[in-house]
Amino acid sequence: AVIDPAVNFLAQMSVENIFQFEDILFEKLYALDGERYAREIGESSYQGPEQHFSPDWFLYARCCVVANGRLFFDAVLSSPKEMPKDMEFEALLMVAQQAYQRKTGQEFDHLPKVSYETFSNKGGWPFDGSAE
């Protein structure tokens with residue numbers, strides 16, 4: 001219910017605009033993919049490679065940052081301590097897919113140039129996170 005207005009709005013746009021939305025979202029999530037941000041997400045913060053850490057929860061926390069707008073995103077990007085604590089907004093990941101399906105009736109198959117997955121931004125992590 002929370003994302004439905006955004007889905008409806010985006011579904012009124014061109015397919016190219018829906019793809020652009022997804023590309024920009026992935027770029028912003030990628031920019032926030034780093035240890036210095038993961039250490040600031042509250043109870044589930046990254047504590048080092050030997051401690052339990054949920055890459056999915058960190059992704060959803062990054063979604064919360066993006067969902068709160070450009071000013072908040074810029075503030076967090078420049079100051080990781082501004083990361084929201086113990087909050088997530090996983091639903092943001094579905095906006096473009098649902099808008100595309102609503103518009104075309106087809107499965108969404110767009111592949112952005114960067115990945116939003118945790119540990120994909122190699123410059124943000126001092127190790128290869130694939131073993132996590």
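This passage walks through a predicted model of one protein chain, from its overall build down to a few single residues. Residues are numbered from 1 along each chain as its sequence is written, and side-chain values use heavy atoms, with hydrogens and water left out. Because this is a predicted model, local features need pLDDT of at least 70 and side-chain atom pairs count only at pLDDT 80 or more, while totals for chains, interfaces and linings use all residues.

Let's start with the overall build. The protein chain has 6 helices and 0 strands, where helices (H or I, at least four residues) and strands (E, at least two) are DSSP runs, numbered from the N terminus. Read along the sequence, that gives the pattern α-α-α-α-α-α. The C-alpha trace spans about 45 × 25 × 25 Å along its principal axes.

Of the 132 residues in the protein chain, 39% are buried; buried means under 20% relative accessible area, exposed over 50%, and partly exposed in between (1.4 Å probe, protein chains only). N8, with a relative accessible area of 33%, is partly exposed. The chain exposes about 7,600 Å², and carbon and sulfur atoms supply 52% of that area. Accessible areas come from the Shrake-Rupley method with a 1.4 Å probe, and for residues only the protein chains shown count as cover. As for charge, there are 11 positive and 21 negative side chains, and the centres of the two sets lie 6 Å apart. Lys and Arg count as positive and Asp and Glu as negative, while His and the chain ends are not counted; the place of a charge is taken as NZ of Lys, CZ of Arg, CG of Asp or CD of Glu.

Contacts show how the chain comes together. Among contacts with a separation of 6 or more, 73% are between residues 24 or more positions apart, a contact being heavy atoms within 4.5 Å. The largest nonpolar core has 35 residues, and L29, F53, F58 and M83 have the most contacts inside it. The elements that give two or more residues to this core are α1 (4-11), α2 (15-31), α3 (35-38), α4 (55-67), α5 (70-78) and α6 (95-104). Of these, α4 gives the most, with 7 residues. A nonpolar core, by the way, is a set of buried Ala, Val, Leu, Ile, Met, Phe, Trp, Tyr and Cys residues joined through side-chain atoms within 4.5 Å. Take M83 as an example: leaving out residues up to four places away in sequence, M83 touches Y37, E40, I41, F58, A61, R62, V65 and V76.

The loop between α5 and α6 holds F89. At 22% relative accessibility, F89 counts as partly exposed. Which residues does F89 touch, not counting those up to four places away in sequence? They are V2, I3, Y60, C63, C64 and A67. From C-alpha to C-alpha, F89 and A67 are 7.5 Å apart, although 22 residues separate them in sequence. D86 lies in that loop between α5 and α6 as well. D86 is not a glycine, yet its phi is positive, at about 55 degrees. With 44% relative accessibility, D86 is partly exposed.

Is F119 buried or exposed? F119 is buried, with a relative accessible area of 7%. N121 lies in the segment after α6 too and is buried at 13%. Apart from neighbours within four places in sequence, N121 is in contact with Y30, A31 and D33. G124 is also placed after α6, but G124 is partly exposed, with a relative accessible area of 22%. G124 touches D33, G34 and E35, again not counting residues up to four places away in sequence. The C-alpha atoms of G124 and Y30 are separated by 9.2 Å, with the two residues 94 apart along the chain.
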